[in-house]
Amino acid sequence: RFEISFKAFKLSIKRISKKYYFDPHQWVIDFVDIELSPYLVDVLKMVKQGHTKIAIFGPHGLGKSVLAAILVLWGGNVSVDCKIPTTASAWRQLEEYLWPEIHKWYHKVDWDKIEKSGGGKRPRLLTLECQFSDQSKAFAVASDNPETIEGAHAKRIMYMFDEAKAIGSGTWESAEGAFSTPGNHLQFAFSTPGDTSGVFYNICSRQKGYEKWRVRHVTLREAIRADRITLEWAREKREQWGVDNPVYQN
């Protein structure tokens, strides 16, 4: 009887994983208490469209950390064998912004509904780590030590690069190793614009060799329409800095 019940459990996990494995948008609709801005929905839909490397850039306040947190929770939940290294330009970004955001949205996921649907139990959440199952785990790693990115082995490896504009080339190169092996690997990179150099700039400006990346540029107007940025603040900064000032442009 134990073997039969265990097999049934594995089959139920397989069914829900199959339904949501390439569809984070539907997973959010079914299990998360949130109404996403249209441009964030666009990013989620890119996964279902088959894109494996996705970048989003735009002004402060557009909701990048929210999106990153939800993707981490989705990826770990729907994958029975998944490693999710999260990194950023500075350790403080992980400790003070990204992982607190993951904690926030962890409590807005309907884990009871997921479990009743056969999608596994509530994951074990620690300060900078989330254990979804024996083989599925999200964790924080330092971007100034590229070696910490290497060595992850799983059917799906999902890299999350937050504030990616200042992440050094060595870390990007280390992450590429995952894509040399078979699997359903993904990479996400989120940031405000920065200097006209570096890997993230090359990705967003569609430089040669980065054609695999799908890029979503969120405009100031889109962020204002989504109530993520106030029109009054944008006008104040335009007057303060000037429309041609690189700070205002960024």
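This is a predicted model: local features need pLDDT of at least 70, side-chain atom pairs count only at pLDDT 80 or more; totals for chains, interfaces and linings use all residues.
Residues are numbered from 1 along each chain as its sequence is written, and side-chain values rest on heavy atoms, with hydrogens and water left out. Local features need pLDDT of at least 70 and side-chain atom pairs count only at pLDDT 80 or more, whereas totals for chains, interfaces and linings use all residues.

## Helix packing

Two packed helices are described by the angle between their axes and the distance between the axes. Helices (H or I, at least four residues) and strands (E, at least two) are DSSP runs, numbered from the N terminus. Axes are lines fitted to C-alpha atoms, for helices over the stretch in contact, and angles run from 0 to 180 degrees between N-to-C directions. Angles under 35 degrees count as roughly parallel, over 145 as roughly antiparallel, 65 to 115 as roughly perpendicular and the rest as oblique.

| Helix pair | Axis separation | Axis angle |
|---|---|---|
| Helix 4 and helix 5 | within 8 Å | roughly 60° |
| Helix 2 and helix 3 | within 7 Å | roughly 125° |
| Helix 2 and helix 4 | 10 Å | about 95° |

The crossing of helix 4 and helix 5 is right-handed; a crossing is left-handed if the near helix is turned anticlockwise from the far one by less than a right angle, and right-handed if clockwise. Helix 4 contributes S65, V66, A68, A69, V72 and L73 to the contact, and helix 5 contributes Q93, L98, E101, I102, W105 and Y106. Contact here means heavy atoms within 4.5 Å. By class, these residues comprise 9 nonpolar, 2 polar and 1 charged. For this classification, Ala, Val, Leu, Ile, Met, Phe, Trp, Tyr, Cys and Pro count as nonpolar, Asp, Glu, Lys and Arg as charged, and the others, Gly among them, as polar.

Helix 2 (residues 24–31) and helix 3 (residues 38–48) have axes that come within 7 Å and cross at roughly 125°. Helix 2 is therefore oblique to helix 3. On the side of helix 2 the contact involves P24, H25 and V28, and on the side of helix 3 it involves V41, L44, K45 and V47. The residues of this contact divide into 5 nonpolar, 1 polar and 1 charged.

Helix 2 also packs against helix 4, at an angle of about 95° and with the axes 10 Å apart. That angle makes helix 2 roughly perpendicular to helix 4. In this contact, P24, W27 and V28 of helix 2 meet I70, L71, L73, W74, N77 and V78 of helix 4. The contact has 8 nonpolar residues, 1 polar and no charged.

Buried means under 20% relative accessible area, exposed over 50%, and partly exposed in between (1.4 Å probe, protein chains only).

## Individual residues

Most residues other than glycine have a negative phi. R206, which is not a glycine, has a positive phi of about 55°. It is found in the loop between helix 8 and strand 8 (214–217), and R206 is exposed, with a relative accessible area of 54%. D227 likewise has a positive phi, near 60°. This residue lies in the loop between helix 9 and helix 10 and, at 70% relative accessibility, D227 counts as exposed.

T230 is also placed in the loop between helix 9 (220–225) and helix 10 (231–241). Its relative accessibility of 44% makes T230 partly exposed.

P123 lies in the loop between helix 6 (111–116) and strand 3 (124–126). At 4% relative accessibility, P123 counts as buried. Not counting residues up to four places away in sequence, P123 touches Y106, W111, C130, Q131 and F132.

V247 belongs to helix 11 (residues 246–249) and is partly exposed, with a relative accessible area of 47%. V247 and G194 are 53 residues apart in sequence, and their C-alpha atoms are 9.1 Å apart in space.
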